[in-house]
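Let's take a walk through a protein structure together. Keep the view open beside the text and look up each spot as we reach it.

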Amino acid sequence: MKIVLDDIMREKHKVALGGHVRPDGDCVGSCMGLYLYLKEQYPEVETDLYLEEVPEAFDIIEATDEVKTQINESDVYDLFICLDCGDAQRLGFSRPLFERAGETFCIDHHISNDAFADHNYIVPDASSTSELVFTLLDAGKISRSAAEALYMGIAHDTGVFQYSCTSPETMEIAAELMRKGIDSNRIIEKTYYEKTYIQNQILGRALLESMLIMDKKCIVSVIRKHSMEFFQAKPSDLEGIVSQLRQTKGVEVAIFLHEIAPQKFKVSLRSKEQIDVSEIAQYYGGGGHVRAAGVIMEGSSHDVINNITARIALQMKPESEQDVPS
Ligand code: 5GP
Ligand code: MN
């Protein structure tokens, strides 16, 4: 059944929006795009957006200073719209608002999403949640500010229109957004390519210490807590490292480990064309997309790498050699 935004918004007085923990370009883009549109088109509705701290580079998007980073125990919303989140747990601090809301709506493109809201608009083939948000809106009513946010989201999740998730529809939507008069070059330059000195230093460290494994089909790198402290880097400064690792010639999978606590790692996985990294992330309790996924794993870095590579090896085996469950 086709989802119509007017139907979802009917008789709603208080609406909250929320995205995933450690918000990335698509999460911020889709949330800000929808937030600005709702503020403009449904001015009678009280709309709030909840996100963890928005990375500084995204400040060029209008109204990011209105984002709420904490919830109030007394807040109850008629509707909670969850964006770019594969499961309710990924909402992080805003999850209680989702649980308490009169109605819930999820807009997402993660293949691992099991439709956990009352209404779900989940299209795993879509390039980004920002692209999905666009399809829900009346294109003629999208303002330049909302267009900037959505364009940023699409550009980020497609690796600037490079990854295989970029479809002709993605390009058509990007073109429509460009026609709103946005400065598309600046958005890409400022939010995607420009790096702080610290970000480049930690990227350099990750590249220097990377290793090729599994007959050079995989590249792996680990950034430990003491390196983060040494460079005074924030977790969001690590964005883009795994994509850079993936670009290594001859490599099929890139594995990037970020030590978040002793014996605990945030694992980012990227593949080129063969390995389904979403399956691997889901196996260990995470999620994501076929070519980009993530999971938090416990143990030593060697344990984590061994466990991940064991699953990669399984996929690399010809089907005839795989263990058949009895
Ligand atoms: P990244 O490696 O950039 O953190 O994430 C890659 C993709 O996997 C993103 O689409 C992200 O939403 C998803 N992802 C990353 N970590 C997790 C996780 O711990 N759980 C789930 N369900 N998805 C994740
Ligand atoms: Mn996304």
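This is a predicted model: local features need pLDDT of at least 70, side-chain atom pairs count only at pLDDT 80 or more; totals for chains, interfaces and linings use all residues.

What follows starts at the ligand and then moves out through rings, helices and loops.

Residues are numbered from 1 along each chain as its sequence is written, chains are lettered from A and ligands numbered from 1 in the order in which they are written, and side-chain values use heavy atoms, with hydrogens and water left out.

Let's begin with ligand 1. It is surrounded by 14 residues, and the closest are Arg-90, His-110, Lys-266, Ser-268 and Arg-270; a residue belongs here if one of its heavy atoms lies within 4 Å of the ligand. Sorted by kind, the shell holds three nonpolar, seven polar and four charged residues. For that sorting, Ala, Val, Leu, Ile, Met, Phe, Trp, Tyr, Cys and Pro count as nonpolar, Asp, Glu, Lys and Arg as charged, and the others, Gly among them, as polar.

Where does the shell come from? Three strands, β9 (264–271), β10 (287–288) and β11 (292–298), each give at least two residues, and β11 has the largest share, with four. Helices (H or I, at least four residues) and strands (E, at least two) are DSSP runs, numbered from the N terminus.

Now look at some polar contacts, meaning pairs of N or O atoms within 3.5 Å (within protein, one must be able to donate a hydrogen and the other to accept it, and residues adjacent in sequence count only if both atoms are side-chain atoms). Arg-90 brings a polar side-chain atom to 2.8 Å from an oxygen atom of ligand 1. Arg-270 also has a side-chain N or O atom 2.8 Å from an oxygen atom of the ligand. Gly-287 uses its backbone instead, with an N or O atom 3.3 Å from a nitrogen atom of ligand 1. Taken alone, the ligand exposes 490 Å², and the protein buries 86% of that; such areas come from the Shrake-Rupley method with a 1.4 Å probe, and for residues, only the protein chains shown count as cover.

Next, the aromatic rings. Rings of Phe, Tyr and Trp (its six-membered ring) pair if their centres lie within 6.5 Å; planes under 30 degrees apart count as stacked, over 60 as edge-to-face and the rest as tilted. That rule gives eight aromatic pairs. Take Phe-98 and Phe-116: their ring centres are 5.6 Å apart and their planes meet at 55°, so this pair is tilted. Phe-98 sits in helix α3 (residues 95–100) and Phe-116 in the loop between β4 (103–108) and β5 (119–122), so the pair ties together parts that are 18 residues apart in sequence. Phe-98 is buried, at 7% relative accessibility; buried means under 20% relative accessible area, exposed over 50%, and partly exposed in between (1.4 Å probe, protein chains only).

Tyr-283 and Tyr-284 have ring centres 5.0 Å apart and planes at 90°, so they are edge-to-face. Tyr-284 is partly exposed, at 24%. Over the ring of Tyr-283 you'll find the charged end of Arg-311, 3.6 Å from the centre; a charge sits over a ring if NZ of Lys or CZ of Arg is within 6 Å of the ring centre and within 35 degrees of the ring normal. Elsewhere, Tyr-50, Tyr-77 and Phe-93 form one cluster, and Lys-14 lies over the face of Tyr-77, 4.8 Å from the ring centre.

On to the helices. Why is α4 (residues 129–136) described as largely enclosed by the rest of the structure? Because seven of its eight residues are buried, among them Glu-131, Leu-132 and Phe-134. In helix α5 (residues 144–157) look for Ile-154, which is buried at 1%.

Finally, two loops deserve a stop. Most residues other than glycine have a negative phi. Glu-11, in the loop between α1 (5–9) and β1 (14–18), has a positive phi near 60° and is exposed at 69%. Asp-84, in the loop between β3 (79–83) and α3, also has a positive phi, about 65°, but is buried at 2%.
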